[in-house]
Amino acid sequence: MNADVFVLEDLVSRKMLDAGHDKPAILAVLGFPVGHSASPAMHQPALDACGIDGRYIRLEVPVGRVAEALLGLRELGFVGANITVPHKFAALDACHQVDDEARLIGAVNTVKFVDGEVHGWNTDGLGFARAIREEFMVDLRGQRVMVIGAGGGAGQAVATQCARDGAERLVLVNRTLEKVETLAVLLRRRFPATKFHCVALNDPQLEGVARQCQILVNTSSVGLRADDGSPVDANCFASHHLVYDTIYKPPLTSFLRQALLQQASVANGFSMLLHQGVLAFDIWYPGRAPLEIMRQGLRSVS
Ligand code: ATR
């Protein structure tokens with residue numbers, strides 16, 4: 001695995017990027033900060049297993065400079081890139097073409113350079129759907145799902161995927177209610193078969209609404225810090241719930257711990273991270289993503 005972090009200035013020439021390496025850099029993850037990204041741990045072993053002569057690098061890109069970074073990578077002949085926080089929204093504007101999912105949520109997490117153009121995708125939502133299937137052996141179709149923190153980037157991707165896959169009811173929960181009300185208007189228009197319900201995080205009715213759902217997902221950033229509590233009260237959980245936290249570090253958040261205390265089934269965001277990565281690799285190299293090798297690689301760092 002290549003643990004180096006490159007900066008925009010390194011894109012001036014191949015020499016800067018590849019000095020001291022026997023393989024050329026061909027894929028990158030763009031973020032700020034980006035040193036903590038686990039993506040190289042799954043994509044480098046995937047490249048190696050496929051016999052592709054190339055490196056997957058981390059590229060630190062300051063806010064406002066993602067378009068410049070993408071053009072630099074294109075000029076150097078890169079295959080594609082992953083886009084992470086805080087660039088997912090700005091990256092959309094840098095693309096010549098984007099897929100439906102990315103357009104709908106306004107954010108791109110994967111790009112591929114095609115005939116001199118930048119094409120964008122968002123694999124977060126589909127990665128979530130695959131994670132739910134793998135962890136709980138259920139599809140989103142017909143489910144009543146509560147998405148907590150649906151105002152953020154991850155939440156919008158998860159909520160959109162639930163609607164796209166035919167969830168019966170989608171409860172969008174957020175500290176700032178207006179954000180999910182705007183999202184609900186958009187999704188309602190596009191997916192009229194799903195019932196949408198917006199609830200503020202501090203609404204006393206949250207408990208009762210949660211109990212009527214089958215799947216509860218935390219997509220908020222509450223839980224990332226070691227001293228964070230759960231974004232929702234312990235009384236929201238029941239034994240029939242399938243509870244997913246998109247956070248994978250720490251592996252057992254307060255949200256999941258409280259759910260476990262109520263005998264709910266739980267899983268963390270490791271599987272979503274893995275599957276969004278597998279989908280990205282399949283965009284760069286159709287049909288070639290080695291799932292188990294990528295899982296193993298990711299496990300070695302999380
Ligand atoms: P993004 O994913 O767009 O970078 P974020 O700032 O990381 O956004 O926040 C992601 C989600 O976590 C949002 O839904 C946010 O709620 P708001 O829309 O009200 O900001 C939620 N979130 C972040 N900190 C929170 C907190 N302390 N309590 C409750 N929700 C919080």
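**The ligand and its surroundings**

A polar atom in the side chain of K179 is 2.7 Å from an oxygen atom of the ligand; a polar contact here is a pair of N or O atoms within 3.5 Å, and within protein one must be able to donate a hydrogen and the other to accept it, while residues adjacent in sequence count only if both atoms are side-chain atoms. For N174, an N or O atom of the side chain is 2.6 Å from an oxygen atom of the ligand. G151 contributes a polar backbone atom, 3.5 Å from a ligand oxygen. Of the 620 Å² of accessible area that the ligand has on its own, the protein covers 65% (Shrake-Rupley method, 1.4 Å probe; for residues, only the protein chains shown count as cover).

This is a predicted model, in which local features need pLDDT of at least 70 and side-chain atom pairs count only at pLDDT 80 or more, whereas totals for chains, interfaces and linings use all residues. Residues are numbered from 1 along each chain as its sequence is written, and side-chain values use heavy atoms, with hydrogens and water left out.

The residues around the ligand, each with a heavy atom within 4 Å of it, include G149, G152, G153, R175, T176, L201, S220, S221 and V222.

**Two buried threonines**

T246 is in the loop between β12 (242–245) and α10 (254–261); helices (H or I, at least four residues) and strands (E, at least two) are DSSP runs, numbered from the N terminus. T246 counts as buried because its relative accessibility is 15%, where buried means under 20% relative accessible area, exposed over 50% and partly exposed in between (1.4 Å probe, protein chains only). Its side chain reaches the backbone oxygen of N218 at 2.8 Å. Apart from neighbours within four places in sequence, the contacts of T246 (heavy atoms within 4.5 Å) include V158, V217, T219, G269 and M272.

T194 is in the loop between α8 (177–190) and β10 (195–200). Its relative accessibility is 5%, so T194 is buried as well. A polar side-chain atom of T194 lies 2.8 Å from the backbone oxygen of A167.

In helix α2 (residues 39–49), eight of the eleven residues are buried. Among them are M42, H43 and L47. The cover over the buried residues of α2 includes strands β2 (25–31), β3 (55–60) and β4 (80–83), and helices α11 (270–284) and α12 (291–299). Just after α2, G51 has a positive phi of about 70°.

R164 belongs to helix α7 (residues 153–164). With 29% relative accessibility, R164 is partly exposed. Among its contacts beyond four places in sequence are D100, E101 and F191.

**Backbone geometry**

Most residues other than glycine have a negative phi, and most peptide bonds are trans. The peptide bond from V85 to P86 is cis, with omega near 5°, and P86 is in the loop between β4 and α4 (88–93). Another cis peptide bond joins K249 and P250, with omega about 5°; P250 is in the loop between β12 and α10.

D115, in the loop between β6 (110–114) and β7 (117–121), has a positive phi near 45°. D115 is exposed, with a relative accessible area of 78%. M137 has a positive phi of about 55° and is in the loop between α6 (124–136) and β8 (144–148). At 71% relative accessibility, M137 is exposed.
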